[in-house]
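Please find below a colleague's note on the structure you asked to have reviewed. It is written as numbered points, to be read beside the sequence and the model.

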Amino acid sequence: MGYDASGVVEATGPEVTLFRPGDHVFYAGVLDRQGANAEFQLVDERITGIKPAALSFEAAASVPLTGLTAWEMLFDRLQLSVNGDADQTLLMLGGAGGVPCMAIQLARTLSRVNIIGTASRQESVRAVRGFGAHYVLDHSCALAPQVASLAGLPPITRIFSTYTTPSAWENMAEIIAPQGRIGLIDDPEPLDLRLIKFKSVSVHWEAMFTRPMHATADMSKQHDILNKLSCMLDSGKLKPPLLAEYGRLNGLC
């Protein structure tokens, strides 16, 4: 808590060019600068987007962190091709959370890649199918036999993992295609990279706070991504990961 936010621009600094007072915006902030639980917050315009008009402020605030993480992982780290990759498969390991919700929808909407999600509970299986996964596997069981049972499935060239236990890592190493890409967002125990050495598989971390924390040269790309997400949400091509609203925060520290 304290990062994702949506609100109305109250004032702008002299060098701001992307927004003006009265604009409705949303953003994920930056890891080393909290404040989204406060009534007012300073935020860099380069990591801020125009709020989707079709969403409430509460629903819009559920999007930035999950949406940026999903987009950056898919298109920056795993290098998924827009309108391409019909001859390849993406495995979304742990498919029912907020980030997978956005990732599966984005992959299904913007690319032609085959999508496998994983889930173990029936309600989670239904959710993953609802996001747009072509197949759903049970991640509580060995994945390789389940993958082998999918006749005609193109090679799994990309894996997006939201949880990386030792057994999950062994599963990934077994089913990833040679020269594939594995993307991680969690903080796993040390991994045995030797398992993927002779497949020449690359491993990529995604932390959506990287650009704002280090003021990278392409930091404003998050502004662009948020605006693209906003357009997709307004057009109905994406659904936000919001599950429930609990009203205003009202407490003393």
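1. The structure is a predicted model. The protein is divided into two parts: domain 1 takes in residues 5–67 + 209–235, and domain 2 takes in residues 81–205. The C-alpha centres of domain 1 and domain 2 are 29 Å apart.

2. How many residues does each domain bring to the contact? Domain 1 gives 5 residues and domain 2 gives 6 residues. Together, domain 1 and domain 2 bury about 450 Å², and carbon and sulfur atoms account for 89% of this area. On the side of domain 1, Thr66, Leu229 and Met232 supply 76% of the area buried against domain 2, more than any other three residues.

3. Helix 2 and helix 8 (221–235) are the elements that give two or more residues to the side of domain 1 that touches domain 2. By class, that side of domain 1 has 3 nonpolar residues, 2 polar residues and no charged residues.

4. Helix 2 deserves a point of its own. Helix 2 spans residues 64–77, and 12 of its 14 residues are buried. Among the buried residues of helix 2 are Pro64, Leu68, Trp71, Glu72, Met73, Phe75 and Asp76. Thr66, named above for its share of the area buried by domain 1, is also one of the buried residues of helix 2. After helix 2 comes Gln79, whose phi is positive, near 55°.

5. Two charged residues of helix 2 have partners elsewhere in the chain. Side chains of opposite charge can pair when their charged atoms come close. Glu72 and Arg211 form a salt bridge through their side chains, with an N to O distance of 2.8 Å. Because Glu72 lies in helix 2 and Arg211 in helix 7 (residues 210–214), the pair ties together parts that are 139 residues apart in sequence. Are these two partners buried or exposed? Glu72 is buried, at 1% relative accessibility, and Arg211 is buried as well, at 6%.

6. The side chain of Asp76 makes a polar contact of 2.7 Å with the side chain of Lys221. Apart from residues up to four places away in sequence, Asp76 touches Trp71, Arg211 and Lys221. A network of salt bridges links Glu72, Asp76, Arg77, Glu206, Arg211, Asp218 and Lys221.

7. The count of salt bridges in the model comes to 10. One of them joins the side chains of Arg46 and Asp44, at 2.8 Å from N to O. Arg46 is partly exposed, with a relative accessible area of 33%, and Asp44 is partly exposed at 27%. Another joins Arg121 and Glu123, at 2.9 Å from N to O; Arg121 is partly exposed at 48%, and Glu123 is partly exposed at 42%.

8. Thr157 lies in strand 7 (residues 156–161) and is buried, at 14% relative accessibility. Which residue does its side chain meet in a polar contact? The partner is the side chain of Gln88, at 2.7 Å. Thr157 and Gln88 are 69 residues apart along the chain, yet their C-alpha atoms are separated by 6.2 Å. Beyond its neighbours within four places in sequence, Thr157 has contacts that include Thr89, Ile176, Ala177, Gly180 and Arg181.

9. Finally, some backbone angles call for a check. Most residues other than glycine have a negative phi. Asp85 is not a glycine but has a positive phi of about 70°; Asp85 sits in the loop between helix 2 and strand 4 (89–93) and is buried, at 10% relative accessible area. Gln179 also has a positive phi, near 65°, and is found in the loop between helix 6 (166–175) and strand 8 (181–184). Gln179 is exposed, at 67% relative accessibility.

Notes. Residues numbered from 1 in each chain as written. Predicted model: local features only at pLDDT ≥ 70, side-chain atom pairs only at ≥ 80, totals over all residues. Heavy atoms only, no water. Helix = DSSP H or I, 4+ residues; strand = E, 2+ residues; numbered from the N terminus. Buried < 20%, exposed > 50% of the residue type's maximum accessible area, 1.4 Å probe, protein only. Domains from an automatic or database assignment. Contact = heavy atoms within 4.5 Å. Buried area = accessible area lost by both parts, 1.4 Å probe. Nonpolar A, V, L, I, M, F, W, Y, C, P; charged D, E, K, R; others polar. Polar contact = N/O pair within 3.5 Å; in protein donor to acceptor, adjacent residues only side chain to side chain. Salt bridge = Lys/Arg side-chain N within 4 Å of Asp/Glu carboxyl O.
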